[in-house]
Amino acid sequence: MTVERLHISKRFSEIAIAGNLVHLAGQLATDVELDIKGQTQQTLDIIDQFLADVGTDKSHIMSVTIYLKDIEKDYAAFNEIWDAWVADIEALPRTCVEAKLYDPRVLVEMTVVAVKPE
């Protein structure tokens, strides 16, 4: 099986596709000065765009891993944005953990596994 990679930089690719399986690298907001709600919305918008780039969407997500800088402080606000994002689809499998992220201004990062519809 061939692996296709998209949005490739020197260090990593944003998307890897094998058959109908789609993996998104860790996604985060481009504006890390935003609060948790702003960073979450921006990250979800990026995920929507990358999924669209390969012909799928959030309703075809198999799993999401969510990394929050401060789960105690930001979990409720994160979920406000998340719940609005998934309001029109069935609940997605997800894992949410607290993590030390690469830049102290980054409040949330998400990795996604999805499928392309047949």
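Not counting residues up to four places away in sequence, I66 touches F78, W82, R94, T95, C96, V97, V108, E109 and M110. This is a predicted model, and in it I66 is part of strand β4. T2 is another story: I66 and T2 sit 64 residues apart in sequence, and their C-alpha atoms are 28 Å apart in space.

What lies over them? Back at the start of α2, D70 gets involved through its side chain: one of its oxygens comes to within 3.3 Å of the backbone nitrogen of E72.

Moving on from α2, the loop between this helix and β5 holds D88. D88 has a relative accessibility of 59%, and it counts as exposed because the cut-off for that is over 50%. Although 29 residues separate D88 from S59 along the chain, their C-alpha atoms are 8.8 Å apart.

Next comes the empty space. Rolling a probe the size of a water molecule over the atoms shows where such space is left. The largest pocket holds about 160 Å³, and its lining is made up of F12, E14, A25, G26, Q27, L28, I46 and E109. Which strand gives the largest share of the lining? That is β3 (residues 21-27), with three residues. Sorted by class, four of the lining residues are nonpolar, two are polar and two are charged.

One last residue has a backbone angle worth a look. Most residues other than glycine have a negative phi. H7 is not a glycine, yet its phi is positive, at about 55°. This histidine belongs to strand β1 (residues 3-8). With a relative accessible area of 41%, H7 falls between the 20% and 50% cut-offs, so it is partly exposed.

How values were computed. Residues numbered from 1 in each chain as written. Predicted model: local features only at pLDDT ≥ 70, side-chain atom pairs only at ≥ 80, totals over all residues. Heavy atoms only, no water. Polar contact = N/O pair within 3.5 Å; in protein donor to acceptor, adjacent residues only side chain to side chain. Helix = DSSP H or I, 4+ residues; strand = E, 2+ residues; numbered from the N terminus. 1 Å grid on protein atoms, 1.4 Å probe; cavity = no way out; pocket = protein on both sides within 12 Å on 5 of 7 lines; lining within 4 Å. Points joined across faces, edges and corners; volume = space filled by probe spheres on them. Nonpolar A, V, L, I, M, F, W, Y, C, P; charged D, E, K, R; others polar. Buried < 20%, exposed > 50% of the residue type's maximum accessible area, 1.4 Å probe, protein only. Contact = heavy atoms within 4.5 Å.
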